[in-house]
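Welcome! Please take a look at the sequence and the 3D structure below before reading on.

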Amino acid sequence: MIREYFTGGNTLVRVGIVILFFGVAFLLRYIAEHSHVPMQLRLSGVAGGGIALLVLGWSLRKKRPDYALALQGGGVGILYLTVFAALRLYSLLPPTASFTLLVVLAALSAALAVLQSSQAFALLAVTGGFLAPILASTGEGSHVVLFSYYAVLNASILGIAWSKAWRGLNFAGFVFTFVVGTAWGVLRYHPDLFASTEPFLVLFFIFYLAIAILFSMRQPPELRGYVDGTLVFGTPIAVFGTQSAMLHDKPLALAASAVAIGALYFLLAWMLHRRKRDSQRLLVEAFMALGVVFLTVAVPLTLDGRRSAATWALEGAALVWIGCRQNRVLSRVFGALLQVASGIALWGGIDLPYGAVPVFNGPFLAGAMVGVASVFSAAVLQKYARRLKSFEELSAAILFFLGLLSWLISGLLEIYRHVPETYDTSCALAFVTATALASSELCRRTALHLARLPALWLLPALVLFAVVAVLEVHHPFARGGWLSWPFAFAGFYLICRRHEGPPGDGLANALHVISAWLLVGLLTWEAAWAINQGVAGRGSWPAIGWVLVPAVVLFALARLAKRVSWPIRVHRDAYVTFAGAGFATYLATWSLVTNVSLQGDPYPLPYVPLLNPLDLAQVLVLLVLGRFWLHLKSAYDPSYLRANETTMLATLAALTFVWLNAALLRTLHHWAGVPFDFDRMLSSTLVQTALTIFWTALALATMLIATRRSTRVVWLTGAALLAVAIVKLFVVDLSRVGTVERIVSFVGVGLLTLVIGYFSPLPPPARAHRPA
């Protein structure tokens, strides 16, 4: 703009006028200090020179328009300088007369500029007017006079703006007013001057706010331009910056100022919007944004961190929504940054006191508002994803997870603070489940598909809560678990039905297998606890309680896979193959552990071999494992299972062998009084004799069955067991048992061996099938 002034029109004349103006200012200061001519006469001479320039310029306006305008501008500037010097420096004119002259000069310069459509003349005249107090200043004087003088100059600029959209003039007035005002504030302001300074600040703000509006009526404001940005955004920044400096020790008053400015911008935006002028559309949006900014600034000045966070979150959500609807990048970015700032402010005040009323208190409501606003912003951004710039692509995900984290932490803290300790874990489980269901619903009803992730994360959360339950409670249905766990699993399977993916997918299999194990584990725990309570922890019943539910579930899987369409039949492999294998492994482990560790106390019943509760439970386990294996053989391709058939049969045989031996030892413990202790049983001659005869009998039974079915492998297994029994007979029994036991062992083993030799010859090897 300065370059255009000196390079447009008659450059030499404009430079000369500027130099002349500075010379007159220095002349006034010089004659005040060195001349004895009366001051009235001196100022009259200077004023006469200014009037002469003005008249000469007016007379040449048609012949030499550029030259004439420069002369007129210089003349008006000299008159400004003269009147201000007479008022402030020499006190030759009373304030009323001085300001009357200033108003006349301002009106004259405005009229001349408008009549001749010359921005250059107006700029030269106004520049002279603003420079007059600076050049003629002696460092003393009243700031009221200075700002009143500047108010008159700005009024003339406002008057010109009523009919002309001259950017350079508006910019010059803005810069001179606020630069000079800021310099005075830094050097001379103190709090006692607030009452005489604040009205001028408000007046200047209104002047340039009105100028921006008047400019929009003549020409659309290109807000990205240098000058328009100064008027529209620079004015509130300069005004509020000055206000902040004057009220730095009064935050509430400063907050009231911010609210007033924000409300004014909202009011002006609403009034301009009602006019429905295309030239003012961008100005309306700018005023709306400024209103939001000042309300945002007011929040931390009046509220604590939590309330500030809630307010910022709502403002940010509104800005994101408006930015997406109107495709405004700046609005979206500012709204997203406000969301992040709200999260920081929220957790910055986490240690503040919290309300006594559950839910309806500041901390929870603030956290909930931050969470909901962030998730809403993420949903809106995802909906308008095609309008986003490349650097905005991750904004939806960041805001969503920020909102989810705020919601979860706020809710869990609220539960921790207000729910009795007895029920806090169950309430937390229900809260997390409800959050996952809400995320699932959000994924279904909006374009925010990443909400599927926290919905599916419910399963890891259930596993975590199960671990916490193991550490805190005696059974899962305690402390409200009877209600929270069913609700959690119902919510989980509803989420799975919606978001599990195609059958056979790795994610789907993992979800159903782990959830089946967890559900059966919790039910097993509850059943074991109930049985233990019923028998007061006596007998073998508590251990039996740990096997009933898994055995029933594994037994029923085959039928459920046919009758229950979802989830078991749809995900047959997950439930039957993988989850079933887990249950089978658990049952086999339980069988081994209980056979080795339990003595089979049948309390309150008498002990009967093989018909006591523990042995019956062992039989149930072996039958269920056998049925599970038969189901796998019938349901799947035999070639797929042939490789594992030997392992499975060997496992069943080993479990059966261990159980039968344990049943024998428990019988000797209860009926013969042999202590159920490994070392004592190892040294008992009765136990050793019984084991030798029992192993031989088992070998006989095995080899008889193998002979009848012509199963050579099974027969060899029985023969191996017989060989072990014979070796034990000669190595152990011969040296460690008594005479009677030794006779019984040898006679018994011998007779059984003869029976085996007669009834159980070795089956011939199977012949390989040869094609014809």
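Here is a short briefing on the overall build and some salt bridges.

This is a predicted model, in which local features need pLDDT of at least 70 and side-chain atom pairs count only at pLDDT 80 or more, while totals for chains, interfaces and linings use all residues. Residues are numbered from 1 along each chain as its sequence is written, and side-chain values use heavy atoms, leaving out hydrogens and water.

**Overall build**
- The protein chain has 30 helices and zero strands; helices (H or I, at least four residues) and strands (E, at least two) are DSSP runs, numbered from the N terminus.
- Of the 772 residues in the protein chain, 46% are buried. Buried means under 20% relative accessible area, exposed over 50%, and partly exposed in between (1.4 Å probe, protein chains only).

- The whole structure holds five salt bridges, each a side-chain nitrogen of Lys or Arg within 4 Å of a carboxyl oxygen of Asp or Glu.
- One of them joins the side chains of R666 and D615 (2.6 Å, N to O). This pair links distant parts of the chain, with R666 in helix α26 and D615 in helix α25, 51 residues apart.
- R666 is buried at 0% relative accessible area, and D615 is buried at 0% too.
- E392 and R332 also meet in a salt bridge (2.9 Å, N to O); E392 is buried at 5% and R332 is buried at 2%.

- R444 and E441 pair up at 3.7 Å, N to O, and both lie in helix α17, three residues apart.
- R444 is exposed at 51%, whereas E441 is partly exposed at 22%.
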